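This report describes selected local features of one protein chain. Please look over the sequence and the structure before reading on.

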Amino acid sequence: EIVKLPENFTIISNRTENLETLLDISVLSRYKFNLYKSEKKEDNISILIKDLDEKTLLEQRQKTLDNIISCRNLVDMPTCDKSPEKIVEMIKSTDFKNTKIRILDNIDIRKKWLNLIDAVGKWAENKPFLVIMERIINPEYPTYWFVWKWVVFDTGWINLKPENHIYSMKDDMAWAASVFYTMKELDSKDLKINIFAAFPLVENSISWSSYRPSDIIKAYNWKTVDI
């Protein structure tokens, strides 16, 4: 059992293989969502190391932890600050070296008959996007896909979710955010694989013309889906 750590402390380890674990525990167990607080108290964690190899190891691990924390912050943010348009701006401003990004807007989505994506986000003020990420190293390498839905808020359309469930719907995009930050993490890794990632980026809101339970919508593969 890990005791509660003080605000300022120093980590010392006599085994290099323990350093990453100690760093993970120290940083992730102390995660706080304080982006909107007027007073922010930062912890001071010091690590004593014995050589440059350990320094490089910790610097690389800290980049991973930064991605994890950024993902947590994004999930915890209110929907008003992470609309589909704002998420697209964030993705476009992220520096990728080996990953190509394509973003389809609402017009593209309709032209390509992506009717299910269109139906979910059609009546929200913030229109939907489809984000496709491609990390192609060598066509002969195996290819893996990460696919998830990025719903910045899910009201449940006219079949409104009960009160005790709807508050947490701001995190209905958590898995897709994990996909994005996983792609960011793997972008510079020396992996003998190709990776595709895709996520529809939508806000599911209610309106007088939202789709309804029992509506039948034809999907991109021409199969019909009973909502």
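## Burial and the model

A residue is called buried when its relative accessible area is under 20%, exposed when that area is over 50%, and partly exposed in between. Aspartate 154 has 14% relative accessibility and therefore counts as buried. The model discussed here is predicted.

## Salt bridges

How many salt bridges does a search of the whole structure find? The search returns ten. One of them involves the buried aspartate 154, whose side chain meets that of lysine 161 with an N to O distance of 3.9 Å. A salt bridge requires the side-chain nitrogen to lie within 4 Å of the carboxyl oxygen, so this distance qualifies. Lysine 161 is partly exposed, since its relative accessible area is 28%.

Arginine 110 and aspartate 118 also form a salt bridge, and their closest N and O atoms are 3.1 Å apart. Arginine 110 is partly exposed at 41% relative accessibility, whereas aspartate 118 is buried at 9%. A further bridge joins the side chains of aspartate 190 and lysine 192, at 3.5 Å from N to O. Aspartate 190 has a relative accessibility of 68% and so counts as exposed.

Strand β1, residues 8-12, pairs with strand β2, residues 44-48, in the parallel sense, and the pairing runs over five bridges. Within it, threonine 10 stands opposite serine 46 of β2.

## Aromatic pairs

The whole structure contains seven aromatic pairs. In one of these, the ring centres of phenylalanine 180 and tyrosine 181 are 5.1 Å apart and the ring planes stand at 80 degrees, so the pair is classed as edge-to-face. The angle cut-off behind that class is over 60 degrees.

Are phenylalanine 180 and tyrosine 181 buried or exposed? Both residues are buried. Ring pairs also bring in Phe96, which forms a cluster with Phe180 and Tyr181.

## A nonpolar surface patch

Which residues make the nonpolar surface patch of about 460 Å²? The patch is made by Trp113, Tyr220 and Trp222. Residues in such a patch must have over 30% relative accessible area. Tryptophan 113, at 53% relative accessibility, counts as exposed, and tryptophan 222, at 57%, is exposed as well.

Both tryptophans are loop residues. Tryptophan 113 is found between α4 (106-111) and α5 (115-121). Tryptophan 222 sits in the loop between β8 (216-218) and β9 (224-226).

## Positive phi values

Most residues other than glycine have a negative phi. Tryptophan 113, from the loop between α4 and α5, has a positive phi near 60 degrees. The phi of tryptophan 222 is likewise positive, near 70 degrees, and this residue belongs to the loop between β8 and β9.

Tryptophan 113 contributes to the nonpolar patch and has a positive phi; tryptophan 222 contributes to the patch and has a positive phi.

Notes: Residues are numbered from 1 along each chain as its sequence is written. Side-chain values use heavy atoms; hydrogens and water are left out. Patches are made of residues with over 30% relative accessible area and no salt bridge: like charges are joined within 9 Å, nonpolar side chains (Val, Leu, Ile, Met, Phe, Trp, Tyr) within 5 Å. Accessible areas come from the Shrake-Rupley method with a 1.4 Å probe; for residues, only the protein chains shown count as cover. Helices (H or I, at least four residues) and strands (E, at least two) are DSSP runs, numbered from the N terminus. Buried means under 20% relative accessible area, exposed over 50%, partly exposed in between (1.4 Å probe, protein chains only). Two strands pair if DSSP finds at least two bridges between them. Rings of Phe, Tyr and Trp (its six-membered ring) pair if their centres lie within 6.5 Å; planes under 30 degrees apart count as stacked, over 60 as edge-to-face and the rest as tilted.
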